[in-house]
Amino acid sequence: MNFYSFARVVCIAFVRIAFHFRVEGVENLPESGGFILCSNHRSYLDPVFLGVKVKRELSFMAKEELFQVKVLGPVIKKLGAFPIARGKGDTGAVEFAIDTVKAGKVLTLFPEGTRSKSGELLKLKSGVIIIAAQSQGIIVPSAIVFEGKLRFRRRVTIRYGKPISCEELEVAGMDRQSLKHAREKLTLKMSALLEGQN
């Protein structure tokens, strides 16, 4: 058992004890091939919530400041995290993300770019569309749902939606209008999941 598998077992036990945890739509998760697991962002535990029912290892972007924390940095790196410099046009991180999907791995993204305190879906950034288009990877929209602040024994529901191809998103190019159109379509899919419409 490698470190990731061990950590996943620990996280499963933690989530079951700490929360009323429910997952919907596991059948929508591809068993092979690279794809982007795209979710809203509610808490620091979101990567744990999303990964509990995903049998494959996840890779995810994390703000570079987290890697500078002595204990946390090495741990999240072993768990598949890679750094991104937010607000600086970090093309290196984007290229790494594209290569991750092309290599047949699972990339986890939170396209809002920050946590939503209210639970309302914030405006999505275009990075997820660019990565999908450049990697030709499908997107699995996801939703993390709980009321108010995350507390002990809070009811937490994870919903995995049906995979979306670049063709379905109608990504015609990398121009601003095409990205906006595709982003709007993805927003509708994620909003529906948040409202319980699979």
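Glu 24 and Arg 22 form a salt bridge in which the closest N and O atoms are 3.4 Å apart. The model is a predicted one, and a search of the whole structure finds three salt bridges. Side chains of opposite charge can pair when their charged atoms come close.

**The salt-bridge network**

- Glu 24 also forms a salt bridge with Arg 159, and here the closest N and O atoms are 3.1 Å apart.
- Because Arg 159 lies in strand 7 and Glu 24 in strand 1 (residues 20–24), this pair ties together parts that are 135 residues apart in sequence.
- Both Glu 24 and Arg 159 are buried; the relative accessibility of Glu 24 is 16%.

- Glu 170 and Lys 185 form a salt bridge, with 3.1 Å between the closest N and O atoms.
- This pair links distant parts of the chain, 15 residues apart: Glu 170 belongs to the loop between helix 6 and helix 7, and Lys 185 to helix 7.
- Glu 170 is partly exposed, with a relative accessible area of 44%, and Lys 185 also counts as partly exposed, at 27% relative accessibility.

**Helix 7 and its surroundings**

- Helix 7 covers residues 176–194, which makes 19 residues.
- From its first C-alpha to its last, helix 7 reaches 26 Å, close to the 27 Å expected at 1.5 Å a residue.
- The buried residues of helix 7 include Leu 179, Arg 183, Leu 186 and Met 190.
- The elements against which the buried residues of helix 7 pack are strand 2 (35–39), helix 5 (127–135), strand 6 (138–145), strand 7 (155–160) and helix 6 (166–169).

**Aromatic side chains**

- There are four aromatic pairs in the structure.
- Phe 82 and Phe 96 make a tilted aromatic pair, at 4.7 Å centre to centre and with 55° between the planes.
- Phe 82 is in strand 4 (residues 81–84) and Phe 96 is in helix 4 (residues 91–102), so the pair ties together parts that are 14 residues apart in sequence.
- Phe 82 is buried, with a relative accessible area of 6%, whereas Phe 96 is partly exposed, at 45%.
- One aromatic cluster is formed by Phe 14, Phe 19, Phe 21 and Phe 49.

**Charges over rings**

- Lys 78 lies over the face of Phe 3, 5.4 Å from the ring centre.
- Arg 115 has its charged end over the ring of Tyr 44, at 4.0 Å from the centre of that ring.

Definitions and conventions: Residues numbered from 1 in each chain as written. Predicted model: local features only at pLDDT ≥ 70, side-chain atom pairs only at ≥ 80, totals over all residues. Heavy atoms only, no water. Helix = DSSP H or I, 4+ residues; strand = E, 2+ residues; numbered from the N terminus. Expected span 1.5 Å × (residues − 1). Buried < 20%, exposed > 50% of the residue type's maximum accessible area, 1.4 Å probe, protein only. Contact = heavy atoms within 4.5 Å. Salt bridge = Lys/Arg side-chain N within 4 Å of Asp/Glu carboxyl O. Phe/Tyr/Trp six-rings, centres within 6.5 Å; stacked < 30°, edge-to-face > 60°. Lys NZ or Arg CZ within 6 Å of the ring centre and 35° of its normal.
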